[in-house]
Amino acid sequence: MKKVLIITFLLCIFLSACGTDSSIGMGGSKSETTSVAVSEKDEKTMFEQITAEDAKKIMDSDEDYIILDVREQDEFDSGHIHGAVLIPYTDIDNMAEEMIPDKNRLILVYCRSGRRSKIAAESLAKLGYTNVKEFGGIIEWKYDLEKTGE
């Protein structure tokens with residue numbers, strides 16, 4: 001009984017400690033998911049998660065968009081989506097406003113597996129970008145890639 005109380009107590013402390021950090025909530029339908037990031041100051045920022053297939057449809061359309069690769073330079077050089085712009089996710093806060101001055105422009109964000117692209121999409125939304133769509137990782141990309149220098 002004593003062990004159960006200790007485990008319950010530690011679990012309560014762990015769960016309450018996690019609540020002080022930023023959290024991401026998910027909403028929307030199966031085909032379109034909007035992520036809402038809530039900062040420590042209760043500021044809500046939004047970006048949309050889409051599939052690689054949806055991103056490809058946008059790329060094949062006449063829409064004005066920017067493809068943002070948030071991996072590192074060596075990863076980008078080894079293969080990236082045609083026309084992608086590189087801003088490593090760790091540099092989003094410092095470089096995004098200079099490289100993407102239009103905060104209403106459609107931005108399609110990807111990385112290798114989807115973890116860094118979610119972080120970058122959240123950062124862009126917090127910076128005031130209003131049309132951010134995150135489509136996961138290049139490992140799920142079934143279409144052509146190009147290498148730097150080709």
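Me: Which residue just after H5 takes a positive phi?
Reply: In this predicted model, Gly128 does so, with a phi of about 105 degrees.

Me: What does H5 make together with E6 and E7?
Reply: The three elements make a right-handed β-α-β unit, in which helix H5 covers residues 115–126.

Me: How many residues does H5 have, and what does it reach from its first C-alpha to its last?
Reply: Helix H5 has 12 residues and reaches 17 Å, close to the 16 Å expected at 1.5 Å a residue.

Me: Turning to the strands, how many bridges join E6 to E7?
Reply: There are 4 bridges between E6 (residues 106–111) and E7, and the two strands run parallel. Within this pairing, Val109 stands opposite Glu134 in E7.

Me: How many of the residues of E7 are buried?
Reply: Strand E7, residues 132–137, is mostly covered, with 6 of its 6 residues buried.

Me: Back to the helix: which residues are buried in H5?
Reply: The buried residues of H5 are Arg116, Ser117, Ala120, Ala121, Glu122, Ser123, Leu124 and Ala125.

Me: Why does Ser117 count as buried?
Reply: Ser117 counts as buried because its relative accessibility is 0%, and buried means under 20%.

Me: Which backbone oxygen does the side chain of Ser117 reach?
Reply: The side chain of Ser117 reaches the backbone oxygen of Gly136, at 3.5 Å.

Me: Which residues does Ser117 touch, not counting those up to four places away in sequence?
Reply: With those left out, Ser117 touches Val70, Val109, Tyr110, Cys111, Glu134 and Gly136. Val109 and Glu134, both touched by Ser117, are also the residues that stand opposite each other.

Methods. Residues numbered from 1 in each chain as written. Predicted model: local features only at pLDDT ≥ 70, side-chain atom pairs only at ≥ 80, totals over all residues. Heavy atoms only, no water. Buried < 20%, exposed > 50% of the residue type's maximum accessible area, 1.4 Å probe, protein only. Pairing = 2+ DSSP bridges. Right-handed = clockwise from strand over helix to strand, strands pointing away. Expected span 1.5 Å × (residues − 1). Polar contact = N/O pair within 3.5 Å; in protein donor to acceptor, adjacent residues only side chain to side chain. Contact = heavy atoms within 4.5 Å.
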